[in-house]
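Visitor: I would like to learn how to read a protein model. Please take me through its features one at a time.

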Amino acid sequence: MGMRFDGADNARQGEGVPTQDRLLPAIGFRLLSVLAFATMGAFIKIAETRGAQLAELLFFRQALALPVVVATVLIGPGPATLRTQRFPAHILRTSIGLASMSFMFTTVILLPLAEATTLQFTVPIFATFLSAVVLREATGRHRWAAVIVGFIGVIIVAQPGSGHIPLLGAATGLAAALLSATVSILLRHIGKTEPATTTVFYFSLLSLVPLTPLFLMSVSAHDPWTWTLLVLIGLTGGVGQIGMTSSLSLAPIAVVVPMDYSGLIWATLFGYFLFHVLPTGWTWVGAPIIVVSGMYIVWREHRLSRPTTTTAVAE
């Protein structure tokens, strides 16, 4: 789901050709993270139908993920790595990332899981566009062609004006992807001095500053199963973040990012078995177009040996 930890801040790690003993674990961690985020999306959708509010979903997502991140830091690089000279940058990253997550959760609530997941695949497309227009980075005709093709895929999936999918859901999905792409560009600069685990830690921690009062104002009584779902949302989100970060420490983004598209398989399966919904024919046509354009952008960035502008995750 656009639901992934932004991996651009760790693009510098694992550069070069990974050895076999690093490549397979990297792919394994990435596939695990995709499954965790897809499961989180299903939990979000179920919890919302049982009365959980958006503020509650967001709060548990960040609050329960924080212990997982802290444990990973203690076991791995150590608490000394949490020292930062980029605190204002972490605040900006958190603000944009939290807005992206809010739009993404809304999209999961409004749309079938497969369509919500497909819209998140537009992150590399938006990132390329923003890099060219905002940062004035050189973007050749190959990547511009991939951007155009990707947006054609979006139009095919969304079918604007046809009532194929709710317009609000499509809008929030694209807004989430656009903001996630913005975060990925910001993380390219933060990642020059900050380890990925440090960025994840501050994102989880600082998110609780606005989310805690919102949670206290919106929290309501739930049955035990709904509370369990809220806890599982946070735990699966934390596992997804750690799995994605681990994959990026073992192999380059160009190697592991293609694994993200397996999320559409899980979204389709969850959608069918839990909600009795299958992707429409237009989604089956448009999704491969979006996937191919995104994978081409990642491959092109890797081939040109430039810091990738893609976001491996989400929030």
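**Charged pairs**

Guide: Start with R30 and D260, whose side chains meet in a salt bridge at 2.7 Å, N to O. The term covers a side-chain nitrogen of Lys or Arg within 4 Å of a carboxyl oxygen of Asp or Glu. The pair links distant parts of the chain: R30 sits in helix α1 (residues 20–49), D260 in the loop between α10 (253–256) and α11 (263–275), 230 residues apart. The model is predicted, so local features need pLDDT of at least 70 and side-chain atom pairs count only at pLDDT 80 or more, while totals for chains, interfaces and linings use all residues. Residues are numbered from 1 along each chain as its sequence is written, and side-chain values use heavy atoms, with hydrogens and water left out.

Visitor: Is R30 buried or exposed?

Guide: R30 is buried, at 0% relative accessible area. D260 is buried too, at 5%. Buried means under 20% relative accessible area, exposed over 50%, and partly exposed in between (1.4 Å probe, protein chains only).

Visitor: How many salt bridges does a search of the whole structure find?

Guide: The general idea is that side chains of opposite charge can pair when their charged atoms come close. Here the search finds 2. R50 and D223 form a salt bridge, with their closest N and O atoms 3.0 Å apart. R50 lies in the loop between α1 and α2 (54–75), and D223 in the loop between α8 (196–218) and α9 (224–250), so the pair ties together parts 173 residues apart in sequence. R50 is partly exposed at 36% relative accessibility. D223 is partly exposed at 31%.

Visitor: How many helices and strands are there in the protein?

Guide: The protein has 12 helices and 0 strands. Both are DSSP runs, numbered from the N terminus: helices are H or I with at least four residues, strands E with at least two.

Visitor: How do I read two packed helices?

Guide: Two packed helices are described by the angle between their axes and the distance between the axes. Take helix α3 (residues 87–110) and helix α7 (residues 167–190): their axes come within 8 Å and cross at roughly 155°. That makes α3 roughly antiparallel to α7. Angles over 145 degrees count as roughly antiparallel, under 35 as roughly parallel, 65 to 115 as roughly perpendicular and the rest as oblique. Axes are lines fitted to C-alpha atoms, for helices over the stretch in contact, and angles run from 0 to 180 degrees between N-to-C directions.

Visitor: Which residues does T197 touch?

Guide: T197 is in helix α8. Leaving out residues up to four places away in sequence, T197 touches V69, V73, P77 and T245. A contact means heavy atoms within 4.5 Å. T197 is buried at 13% relative accessibility. Its C-alpha atom is 9.3 Å from that of S246, 49 residues apart along the chain.

Visitor: What about backbone angles?

Guide: Most residues other than glycine have a negative phi. H276 has a positive phi, near 60°. H276 is in the loop between α11 and α12 (281–303), and is exposed at 68% relative accessibility.

Visitor: Which totals describe the protein?

Guide: Buried residues make up 55% of the 315 residues. Among contacts between residues at least 6 apart in sequence, 91% join residues at least 24 apart.
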